[in-house]
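Here is a friendly note to read alongside the model. Please keep the viewer open and check each point as you go.

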Protein chains: 2
Amino acid sequence: MMKGSTEIDMPESSSVSKGKAPLIAAPMNENGGYKKGIAIFDLILRLAAIVTALAAAASMGTSDETLPFFTQSFQFQASYDDLPTFQFFVIAMAIVGGYLVLSLPFSIVAIVRPHAAGPRLLLIILDTVALSLNTAAGAAAAAIVYLAHNGNSSTNWLAICLQYGDFCRKNSGAVVASFITVVIFVFLLVLSAFALRRH
Amino acid sequence: MMKGSTEIDMPESSSVSKGKAPLIAAPMNENGGYKKGIAIFDLILRLAAIVTALAAAASMGTSDETLPFFTQSFQFQASYDDLPTFQFFVIAMAIVGGYLVLSLPFSIVAIVRPHAAGPRLLLIILDTVALSLNTAAGAAAAAIVYLAHNGNSSTNWLAICLQYGDFCRKNSGAVVASFITVVIFVFLLVLSAFALRRH
């Protein structure tokens, strides 16, 4: 039942589980390596999500374009803060990126103590909230980017991407990066659920 | 340690946990009532989410308005299928509602067998996906509804809610209903995480 010495030397998480150790020690050690593997994969996914979330925020936040022609009174310029949805996108993705950085210590605790349910439960709850925020930002920005590309004839909203090509390209890239972060979050949640599962 | 006769008579989930029963029977029975309570609350929340999800889809799907004046060649009419984002909203919310109906049997299984991890794990994974779809639909529609209400002077997109008031009111209601569903989903996921937790 005990496969290797590394799995036997595992430190116990708290005094509560120490008290129960004689009862459930055998089934816990059985899948120690499996849970540790999940925790390490969790940390790697989190690092990838930090990169994509901050790339999305930075790409959207630096998107502005000034057209090379102007009239005496007006200069044609597009910036992300002309559209409230894009402002929300930058703020939300920055929050998600900041949360992911702050969640790294908890993920490391889950590697060191694969059987501690507390940090993992906290991560599941906060990940769910961050996933919602991230999806909301990405989907709202995608709806506006679609409008900017295609316009809408029924409501007389014209496409602006014919004039502001670079602006639209940067925005589209930011939306794609945010949806990659969403996919990583879904994986993170599924992994955490598997790690919490009792055997 | 065993509080009542109802908790002792609980049926075991599978042959695997039957094999381990002598080892971990005591800690399992300890929190049987607590897990059963979570499972019943899960079913009630699911029923509420079905109502709000289908109300959102129906409210958006029936939103159209014909203005009482027209020219010889053109009649002023707004419908949800003029905007691709609203079409996506109706489809996504209908899918979420359908998923919630199909998830009811698994929720009932979780009430009958509070210690079976399989159905609960399946529900967590599918709930995460449904939460993402639901949030995406709600946020994208919210971005368009905001534009319809306020317009945007930088991109020359005019507000259409001054003309199509009833249309906008129905859409706004649908967006609110979809965000209520999102909140219920977040609660469902947190509850499932607590139920999966090992004591």
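The points below move from the fold of one chain to the contact between two chains, and end with a single residue.

1. Some ground rules come first. This is a predicted model, in which local features need pLDDT of at least 70 and side-chain atom pairs count only at pLDDT 80 or more, while totals for chains, interfaces and linings use all residues. Residues are numbered from 1 along each chain as its sequence is written, chains are lettered from A and ligands numbered from 1 in the order in which they are written, and side-chain values use heavy atoms, with hydrogens and water left out.

2. Start with the fold of chain A. It has six helices and two strands (DSSP runs, numbered from the N terminus: H or I of at least four residues for helices, E of at least two for strands). Along the sequence, the order is α-α-α-β-β-α-α-α.

3. Of its 199 residues, 51% are buried (under 20% relative accessible area with a 1.4 Å probe, protein chains only; exposed is over 50%, and partly exposed lies in between). Among contacts (heavy atoms within 4.5 Å) with a separation of 6 or more in chain A, 79% join residues 24 or more positions apart.

4. The UniProt record, an unreviewed entry, lists "transmembrane region" for residues 38-60, 86-109, 121-148 and 174-196 of chain A. Positions follow the numbering used here, feature names are shortened, and annotations may be inferred rather than shown by experiment. In the model, residues 121-148 of chain A are 100% helix, with end C-alpha atoms 41 Å apart. Residues 174-196 of chain A are also 100% helix, and there the end C-alpha atoms are 33 Å apart.

5. How much area do chain B and chain A bury between them? The value is about 4100 Å², 73% of it on carbon and sulfur atoms (accessible area, 1.4 Å probe, lost by two parts on being put together, summed over both).

6. Finally, find Ser192(B) in helix 6 (residues 165-196) of chain B. Is Ser192(B) buried or exposed? Ser192(B) counts as buried because its relative accessible area is 1%. Beyond neighbours within four places in sequence, Ser192(B) touches Asp42(B), Arg120(B) and Ile124(B).
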